[in-house]
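I went through the model chain by chain and wrote down what I looked up.

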Amino acid sequence: MTCTDPRFAEELGAWVLGACGPAEADAMREHLAACASCREQEARLRPARDALLAAPRPVMPSAAVKAAVMRDVRREAQLLGAARAPDRAHPTSARSAGRRGPRWTSLVPRPALALACSLLLAGAVGAMVVGGAPFDRPTAVVAEVDPALAPRGSARVEVRGGRARLEADGLPAPGRGRAYQVWVRSGQGAPRPTTARFTVDALGSATVEVPGDADGFDQVLVTSEPAAGSQRPTCAPVLQATV
Amino acid sequence: MALVARADANAFEVVYDRHCGAAYGLAFRVLGAQGPAEDACQEAFMSVWRAASRYDARLGSVRSWVLSVTHNRAIDQLRRVTRHTDRQVYDDTAAERMPAAEETEGTALRRVGAEETRGLLATLSSEQRRVVELSIYSGFSHGEIAEALGIPLGTVKSRMRLALEKLRSSMTAQPA
């Protein structure tokens with residue numbers, strides 16, 4: 001079985017090494033979904049790439065890295081545990097029971113997830129107060145992801161030193177000729193476009209800086225748009241976070 | 001990993017302890033400095049934690065997956081910090097010719113890292129080795145490599161594919 005398009009066979013080495021440009025990567029990703037021959041070739045070459053990644057000598061990072069990682073992991077594990085608990089304290093809201101609302105407010109948090117977001121925010125604020133340096137410590141909020149658009153997606157927005165950064169995982173590729181675009185919003189105003197547009201890697205992961213001063217907005221949203229960007233959102237947000 | 005996917009923090013700690021050395025070593029190889037490498041490592045493991053349900057054992061080992069995530073984070077960070085036009089094409093052989101006293105920690109560790117990976121890359125031609133190192137350890141795209149080296153894009157792609165084929169052959173030829 002051979003690939004019918006020699007362009008992709010030529011591109012495969014660069015793809016495996018992660019050296020494709022964004023447009024070529026999108027095209028290859030789409031092609032691999034349809035071409036068993038190229039998938040087979042990719043699987044043959046992947047061990048060579050894995051060996052290249054494993055070749056550098058292992059070096060232990062500082063203990064501070066593990067401490068920071070495990071602190072966040074345990075906190076999120078606790079919140080996820082709370083979010084999964086039967087939620088008898090918050091009956092279904094009228095909105096989520098089907099009352100139509102404006103498109104931009106249609107992503108109503110599930111009550112338990114709202115509790116989890118609140119706990120995460122409260123923890124961050126508490127850490128700032130106890131720490132005694134209220135405006136230096138980073139704060140992070142868990143973003144609300146539309147399960148219909150990104151069933152396995154998760155994201156968070158970290159604000160540090162007046163700058164916001166979005167970290168996403170498990171998002172589907174935005175599609176050929178498209179990119180995810182970051183919007184910011186203040187209160188009930190219309191979403192404002194930013195110059196931040198991104199695509200995701202094979203794991204659906206991306207990290208992107210949100211342009212502008214974080215004091216200038218209180219919501220970060222992401223939609224899938226044409227690659228050149230849009231001035232107004234053309235579809236529902238795949239994720240949004242209140243910072 | 002099944003436990004990690006169910007948000008078991010203790011299980012994740014085992015994954016971290018088992019793979020953090022390899023991950024940080026790779027991040028340092030790419031970024032050449034402790035701070036950025038630790039940032040990339042931290043981001044990578046948080047991604048592993050959050051995307052654990054997406055791990056597919058059919059595609060490779062947990063180690064390979066963790067290193068792939070780490071590599072992506074390290075390259076992202078490299079591209080965030082430096083515009084590609086400003087990034088110098090790192091020359092492994094130039095670092096070797098530099099007297100030790102003039103080496104910075106970054107170039108020294110990169111030199112050691114380069115020597116270790118050169119063992120793996122010894123079966124490749126110098127041209128193939130160059131494009132592989134520039135892509136996997138310096139995050140250059142094939143277009144950037146073609147421009148930097150002044151060679152056709154098709155030549156870069158061809159060298160990449162042939163290099164991977166050769167590496168694969170040399171790996172399977174090694175005695176057990």
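**Chain A, overall.** I began with the elements and found five helices and nine strands in chain A (helices are DSSP runs of H or I with at least four residues, strands are runs of E with at least two, both numbered from the N terminus). Along the sequence, the pattern reads α-α-α-α-α-β-β-β-β-β-β-β-β-β. Of the 243 residues in chain A, 44% are buried (buried is under 20% relative accessible area, exposed is over 50%, and partly exposed is in between, with a 1.4 Å probe and protein chains only). I also looked at contacts (heavy atoms within 4.5 Å): among those in chain A between residues at least 6 apart in sequence, 56% join residues at least 24 apart.

**Ground rules.** I kept in mind that this is a predicted model, where local features need pLDDT of at least 70 and side-chain atom pairs count only at pLDDT 80 or more, while totals for chains, interfaces and linings use all residues. Residues are numbered from 1 along each chain as its sequence is written, chains are lettered from A and ligands numbered from 1 in the order in which they are written, and side-chain values use heavy atoms, with hydrogens and water left out.

**Chain B, overall.** Buried residues are 50% of the 176 in chain B. For contacts in chain B with a separation of 6 or more, residues 24 or more positions apart account for 63%.

**Helix pair in chain A.** I looked up H2(A) (residues 22–34) and H3(A) (residues 36–54), which pack at about 110 degrees with axes 6 Å apart (axes are lines fitted to C-alpha atoms, for helices over the stretch in contact, and angles run from 0 to 180 degrees between N-to-C directions). That makes H2(A) roughly perpendicular to H3(A) (roughly perpendicular is 65 to 115 degrees; under 35 is roughly parallel, over 145 roughly antiparallel, and the rest oblique). His31(A), Leu32(A), Ala33(A) and Ala34(A) of H2(A) meet Ala36(A), Cys38(A), Arg39(A) and Glu42(A) of H3(A).

**Helix pair in chain B.** Next I took H2(B) (residues 9–31) and H3(B) (residues 34–50), which pack at about 140 degrees with axes 9 Å apart. The contact includes Phe12(B) and Tyr16(B) of H2(B), with Phe45(B) and Trp49(B) among the residues of H3(B).

**Glu11(A).** This residue sits in helix H1 (residues 6–17) of chain A. Is Glu11(A) buried or exposed? I noted 6% relative accessibility, so Glu11(A) counts as buried. Beyond neighbours within four places in sequence, Glu11(A) contacts Cys20(A), Glu24(A) and Met28(A), and also His142(B) and Lys157(B).

**Thr223(A).** My last stop was in strand S8 (residues 219–226) of chain A. Thr223(A) is buried, with 0% relative accessibility. Thr223(A) lies 9.6 Å from Arg197(A), C-alpha to C-alpha, with the two 26 residues apart in sequence.
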